[in-house]
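User: I've got a protein model open and I'd like to work through some of its side chains. Can you take my questions as they come?

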Amino acid sequence: MQNEGRPVALRNEVDLYGYSEWLARHLGYPIIPKSLRGFQHGWIWWNVDDVAPANGFGMDPNLDHYFGALVQDKALEASMRARGIYAHAAGLPFQSYYQHCGFKGSWAPQRQDEVLFVPAHSNPWLQISEDVLTCAAKASFLLKGCAILLSWNDRHLAPVLAPHFKRVEIGAGALEADSFLRMAHIFERYGYVISDAMGSHIYYARLCGAHVGIDAELYKQALEGKARTLGIDYQRSKLSPDFEMRQRILQLDYIDRRYPGLVVDSGLPTDWTLPVLASERPDRIAHLLGWDLTLESDLVKGR
């Protein structure tokens, strides 16, 4: 499950992680229709009234403000519509997959009281492998005997890190079609997931039943490393009118107030309340993406 990949044919964000391929297969479409609007992939974990998500900040950089996107909840839908961007609350792609793929709970009986460390990760557009190595070295010392989850784009680090961890798991890649299957398989098998970053993996792991925590010490180290890695992009971001608040939501006290119990100073995480997101049926999602309109054109084009 971890060693072979199937690349995604990327047209817009709905294709990322293989979601559109799964949706078309699940609904019995003969092809994968092109989506007219996006489907928000990354979990927006902060209060949207504090910082409005924007292209490249919570939302896809190529978001079309006319066609808009399916989004995680009513609060984000309202925020975007108030700014003249179409949005419809539908949940998240992984949530949709997990609820309807037929595999939910399949691996939960294998769950062990093991710790899985999930570092911040590289993607096809940002390479932070050196930061991953630095954070992994500290995690292997603080979380002795844990496993580590590397993203698809950091999988080349596996031989280097294998001697320092109980197990190396290979997870999701934005352009890798079997990503969601691997994520469900991995997160259902671990009792505890500890990370050094906020992001979608926090929501995914908790949705799959793991106890999830942000390690305070590892988080601070990773945040410093991220600022160094971003370099000039970080300096440019200071020009944003909401720069100060963007920095504020990254602070541990903000995260701790929003999700009491998520931040841990040491030891294992306990329970915290997972936010309830919207949920639409797969056929309804296909309709909202515009597949009723694009299917016929795609079929003609493919002849």
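User: Which backbone oxygen does the side chain of His201 reach?

Analyst: Keep in mind that this is a predicted model. His201 sits in helix H7, which covers residues 200-207. Its side chain comes to 3.1 Å from a backbone oxygen, and that oxygen belongs to Ala197.

User: Is His201 buried or exposed?

Analyst: Leaving out residues up to four places away in sequence, His201 touches Val118, Phe187 and Ser195. Buried means under 20% relative accessible area. His201 has 11% relative accessibility, so His201 counts as buried.

User: How far apart are the closest N and O atoms of Lys74 and Glu77?

Analyst: Both residues lie in helix H2, 3 residues apart, which is about one turn of the helix. Lys74 is exposed at 58% relative accessibility, while Glu77 is buried at 11%. They form a salt bridge, and the closest N and O atoms are 3.6 Å apart.

User: How many residues apart in sequence are the parts that Lys166 and Glu114 tie together?

Analyst: The side chains of Lys166 and Glu114 meet in a salt bridge at 2.6 Å, N to O. Lys166 is in the loop between helix H5 and strand E8, and Glu114 is in strand E6, so the pair ties together parts whose separation in sequence is 52 residues.

User: Which residue forms a salt bridge with Glu114 at 3.0 Å?

Analyst: Glu114 is buried, with a relative accessible area of 19%. The partner here lies in the loop between H5 and E8, and it counts as partly exposed at 30% relative accessibility. That partner is Arg167.

How values were computed
Residues are numbered from 1 along each chain as its sequence is written. This is a predicted model: local features need pLDDT of at least 70, side-chain atom pairs count only at pLDDT 80 or more; totals for chains, interfaces and linings use all residues. Side-chain values use heavy atoms; hydrogens and water are left out. Helices (H or I, at least four residues) and strands (E, at least two) are DSSP runs, numbered from the N terminus. Buried means under 20% relative accessible area, exposed over 50%, partly exposed in between (1.4 Å probe, protein chains only). A polar contact is a pair of N or O atoms within 3.5 Å; within protein, one must be able to donate a hydrogen and the other to accept it, and residues adjacent in sequence count only if both atoms are side-chain atoms. Contact means heavy atoms within 4.5 Å. A salt bridge is a side-chain nitrogen of Lys or Arg within 4 Å of a carboxyl oxygen of Asp or Glu.
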